[in-house]
Amino acid sequence: SYFLLLTIASPPISFHFMQDVSLSLTARPAIESLRASRIRDIVNAGLSRTDLVAFWLGEPDEVTPDFIRNAGIASLQRGETFYTHNLGIPELRQALAAYVTRLHRPTGIENVAVTSSGMEALILATQALVEPGDRTVVVTPVWPNVLEIPKIMGASVATVPLAYSKARWSLDVDRLLEAVTPETRILYLNSPNNPTGWAIDTEARDAILEHCRRFGVWIIEDDAYERLYYRDASPAAPSFLDVATPEDRVISANTFSKAWLMTGWRLGWLVTPDALIPSLGKLIEFNTSCAPVFVQKAGVTAVTEGEPAVAHTVRRFRRARDLLVSHLNRIPGVEVPVPEGAMYVFFRVAGMEDSVAFCKKLIATVGLGLAPGSAFGAEGEGFVRWCFAASEAKLAEGVERLRRGLIEVGKSR
């Protein structure tokens, strides 16, 4: 047979590599060194409690509004379950371009790529730009995924911490500009910020953009919480998209998860210079191929009909923020800067030095689930994050459990 002829004619094959026990069965070092989520560590510690009151995850407690869910259901009933364009269905890309135009600046469909979540938006942008050994800068404390994403690509990460005071978090712009050197490839900036609620002001934004233009540094802004903004009556927080030209090295990563209460749908988007869009289409193909059509159809409805729902969410979260801050400020030993945006209070507890141990103690003693500050970088140690996207009754119950928990922790010291 042909197989036998090949076998006879071929030279002997060495299998010595199978005997080399030094070969590793683990992932490459850059992946092995990624820091596991400390939030997940806390969540796992509380899974066995049936009486738990939890505020540890960044997720609203209301389901996706009916009109958005119905759009997804209608798409499924039409049988729209097949592959589609890597960059997203034209209807959604056009709707997103119009949405960004209303909020920020004129934007065309050629600047928009649909992704399977805001998380994927961030990592796709990084995959498109980062080489091993590149230098990146991240403003912290921040959602831990942002700190780890550049490391997946073999890049180094330098951090610039926000400054803390009892009243508010703030950014030392001069310190940030000093860190963003000509050798820097990307600056990552999340505003409004998870976990602190800090939001950039227009003066700082403009100075950062000019500095990055001068040195050719890319800005990747995580705009996940741009609609959850409480400083004034603006429809969105200040963004680099307000002032950057389409040719600037600015990428906005966004998500449907927060403003439209669509965390489980896994749908996001990127706004980028049009020259980058073809490469992003390739990367989407090699990562997920495309976002599901029925999910994208729900996204179209969210963007085109969802402004009343977004306004309701912002009003609700503002009330929840004010209520929680007011209650926490009455607890001795707790310091609470007022968040300007997002849906978290990031508060300091006097004498607390190990936020992971503290949060586990709260679970064990009073059944309260909060996220440890150290999950968001070394600068977050001594703090705890509380997601206030919850009912007023649930928030009040959580505050009472925290009061009791602080007493129990104090007894154990």
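This report describes the pockets and the cavity of a predicted model.

## The largest pocket

Start with the largest pocket. Its volume is about 650 Å³. It is lined by 28 residues. Closest to the centre of the largest pocket are Gly 58, Trp 143, Asn 145, Lys 258 and Arg 266.

Helices and a strand contribute to this lining. Helix 3 (38–46), helix 6 (118–129) and helix 7 (144–152) each give at least two residues to the lining of the largest pocket. Strand 9 (250–255) also supplies at least two. Sorted by class, the lining of the largest pocket holds 11 nonpolar residues, 11 polar residues and six charged residues.

## The second largest pocket

Next comes the second largest pocket, with a volume of about 160 Å³. Its lining includes Arg 227, Tyr 229, Asp 232, Ala 233, Ser 234 and Pro 235. Glu 307, Val 310, Ala 311, Val 314, Arg 315 and Arg 318 also line the second largest pocket.

By class, six residues of this lining are nonpolar and five are charged. One is polar.

## The cavity

How many cavities of 30 Å³ or more are there? The count is one. The largest cavity has a volume of about 30 Å³.

Among the residues that line the largest cavity are Tyr 99, Ala 224, Ala 259, Trp 260 and Trp 269. Glu 226, Arg 227, Asn 254 and Thr 255 line the largest cavity too. By class, the lining of the largest cavity has five nonpolar, two polar and two charged residues.

Definitions and conventions: Residues numbered from 1 in each chain as written. Predicted model: local features only at pLDDT ≥ 70, side-chain atom pairs only at ≥ 80, totals over all residues. Heavy atoms only, no water. 1 Å grid on protein atoms, 1.4 Å probe; cavity = no way out; pocket = protein on both sides within 12 Å on 5 of 7 lines; lining within 4 Å. Points joined across faces, edges and corners; volume = space filled by probe spheres on them. Helix = DSSP H or I, 4+ residues; strand = E, 2+ residues; numbered from the N terminus. Nonpolar A, V, L, I, M, F, W, Y, C, P; charged D, E, K, R; others polar.
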